[in-house]
Amino acid sequence: MTTTTKQRVSEEQRRRVLDLRRRMSLREVATATGLPLGTVKTLVSRSGAFRDNLEHRAFFTLPPFRPSASTGLNTRTAPPQRAITGDKEVDALLWLRECIETGDEALIGLALEASKRVATPHAELDQRFREWEWQPYRLGLKPGIPPFRIYGLHELEKLARDSLALAKDRAEAAGRFANVNADTDQEHWCCVVLAGMKPDEFGLYDDDEVAERFKAHPERLPHTLADCLHELDYWSDLWRLRRASRESPGAYAYEGPGEASARRFFVEGLLAEVRPRNRDEAKAVLRHANIRDLLNGAKGDAILENLIG
């Protein structure tokens, strides 16, 4: 009769397993340490180090939305009609565009309905407007024309969709923040952690020292790729709300302190370090990296190697 003795694992072996697991699959860790695969799985599971970090997630979360206490109607009045180009049909379309840019749902609906009654094809009016717009500067300044026009004059449907989305984001910013352009607690924390570090001439911080500093705060460190995506979504949403709250379309949105950007770059770097727990998590990271244009160059290769390795 044979008896099986349970293999004892030292504290040093346990730490090595957890360290290797951050870069290797479970089977690779078992091979590298000489431990049974089942033992490796148990050590990783019991450590809790590869479960979502709930404390980290709670910290990197936007403030709760608080609806406005005002119950009154907040309907905007239509902007005044003006003779800008001297072409009545073009000026009519410019005015409808201004109505749409208010972000008021009722005005937008009326403007889109009114645009259907403009007989001349809108693309033709757009061309007439561009010809007027590019006349010699002897005509002087052209009042009423947005300085950073993105949409063609005829793209009213697209402008309406984006204008409504922008108004929704603006309302969300007002509901979540007293001042969306003030540094958040998360940004202040990043400044505290990186206090004393000096950026280079491009405003960038040393990656290795940034990583060392942030990793010294494990309570706010992503444990999983899902944690990484959660935090990156926080920074993206903060930027979205700040962009929506700009005073004018041509103004720059507040980007926050450089230390917060360093944190975001650090977390993006973790996408190439933290091993995916399953295929679904790997696919979520791939989708995020593709949308955010993170798959180019050496950084993109490292992310891909981590996901498929």
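How many disulfides does a search of the whole structure find? The search finds 0 disulfides, a disulfide being a pair of cysteine sulfur atoms within 2.5 Å.

This is a predicted model, in which local features need pLDDT of at least 70 and side-chain atom pairs count only at pLDDT 80 or more, while totals for chains, interfaces and linings use all residues. Residues are numbered from 1 along each chain as its sequence is written, and side-chain values use heavy atoms, with hydrogens and water left out.

Select C190 and C191. The closest cysteine sulfur to that of C190 lies in C191, 6.9 Å away, which is too far for a bond. C190 is buried, at 0% relative accessibility, whereas C191 is partly exposed, at 23%. Here buried means under 20% relative accessible area, exposed over 50%, and partly exposed in between (1.4 Å probe, protein chains only).

Next, select V210, F214, F266 and L271. Within the largest nonpolar core, of 37 residues, these four touch the most other members. Such a core is a set of buried Ala, Val, Leu, Ile, Met, Phe, Trp, Tyr and Cys residues joined through side-chain atoms within 4.5 Å. The largest share of this core, 8 residues, comes from α11; helices are DSSP runs (H or I, at least four residues), numbered from the N terminus.

Remain at V210 and display L194, M197, Y205, A262 and F266. V210 touches these residues (heavy atoms within 4.5 Å), when residues up to four places away in sequence are not counted.

Finally, select L204, in the loop between α9 (185-193) and α10 (207-215). L204 is partly exposed, at 44% relative accessibility.

Methods. Helix = DSSP H or I, 4+ residues; strand = E, 2+ residues; numbered from the N terminus.
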